[in-house]
Amino acid sequence: MLIGFNHLTLAVSDVERSFSFYVNILGFIPKARWQQGAYLMLGDLWLCLSLDPARQKQPQTDYTHYAFSVAQEDFANTTMRLREYGVTEWKSNSSEGESVYFLDPDRHALEIHCGDLASRLAACRENPYQGMIFY
């Protein structure tokens, strides 16, 4: 039986560039680094950056993305820092809670989001998605 999420590994084309982005722009805490990768932490999330020459710089083609929490009081400053860095925003927010959807240097789709599952479900109870069932 599964007991939780263990880690996330992202294939990157340039370890230094990705390390700098995740540490200096997003605030991940570095734990280890080597020529072909790095281990970073954000809260309980263990992120591995792994050099992969096959990583293609192609546009995001689906809705798969990785969302990170940001406190409401930090949302504006975090959004400003991302935009000053020059991230590409790939989607506009249309759901509960403030969000910015952006691409990392290797075009992994990311999001910063204010809110949690409880706030999302509360909003959905007010205005449910088509065919939505609550458990």
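Student: Which residues does F102 touch, leaving out those up to four places away in sequence?

Tutor: F102 touches F21, L26, L82, V87, T88, E89, W90, H108, A109, L110, E111 and I112, where contact means heavy atoms within 4.5 Å. This is a predicted model, so local features need pLDDT of at least 70 and side-chain atom pairs pLDDT 80 or more, while totals for chains, interfaces and linings use all residues. Residues are numbered from 1 along each chain as its sequence is written, and side-chain values use heavy atoms, without hydrogens and water.

Student: Thanks! What about the largest nonpolar core, how many residues has it got?

Tutor: That core has 26 residues, and those with the most contacts inside it are Y22, L26, L40, L49 and F102. A nonpolar core here is a set of buried Ala, Val, Leu, Ile, Met, Phe, Trp, Tyr and Cys residues joined through side-chain atoms within 4.5 Å. Buried means under 20% relative accessible area, exposed over 50%, and partly exposed in between, with a 1.4 Å probe and protein chains only.

Student: And which element gives the most to this core?

Tutor: That's α1, with six residues. Helices (H or I, at least four residues) and strands (E, at least two) are DSSP runs numbered from the N terminus.

Student: Switching to α2, which of its residues are buried?

Tutor: F75, T78, T79 and L82. Seen down the axis of α2, they fall within an arc of 105°, so they line one face of the helix; the arc is that of the directions from the helix axis to the C-beta atoms. The face turned away from the buried side carries the exposed residues E73, A76 and E84.

Student: What covers that buried side?

Tutor: The cover over the buried residues of α2 includes α1 (15-25), β7 (99-103) and β8 (109-113).

Student: Now the rings. How many aromatic pairs are there?

Tutor: Nine. Rings of Phe, Tyr and Trp (its six-membered ring) pair if their centres lie within 6.5 Å; planes under 30 degrees apart count as stacked, over 60 as edge-to-face and the rest as tilted. F21 and Y85 have ring centres 5.2 Å apart and planes at 55°, so that pair is tilted.

Student: Where do F21 and Y85 lie?

Tutor: F21 is in helix α1 and Y85 in helix α2, so the pair ties together parts 64 residues apart in sequence. F21 is buried, at 0% relative accessible area, whereas Y85 is partly exposed at 40%.
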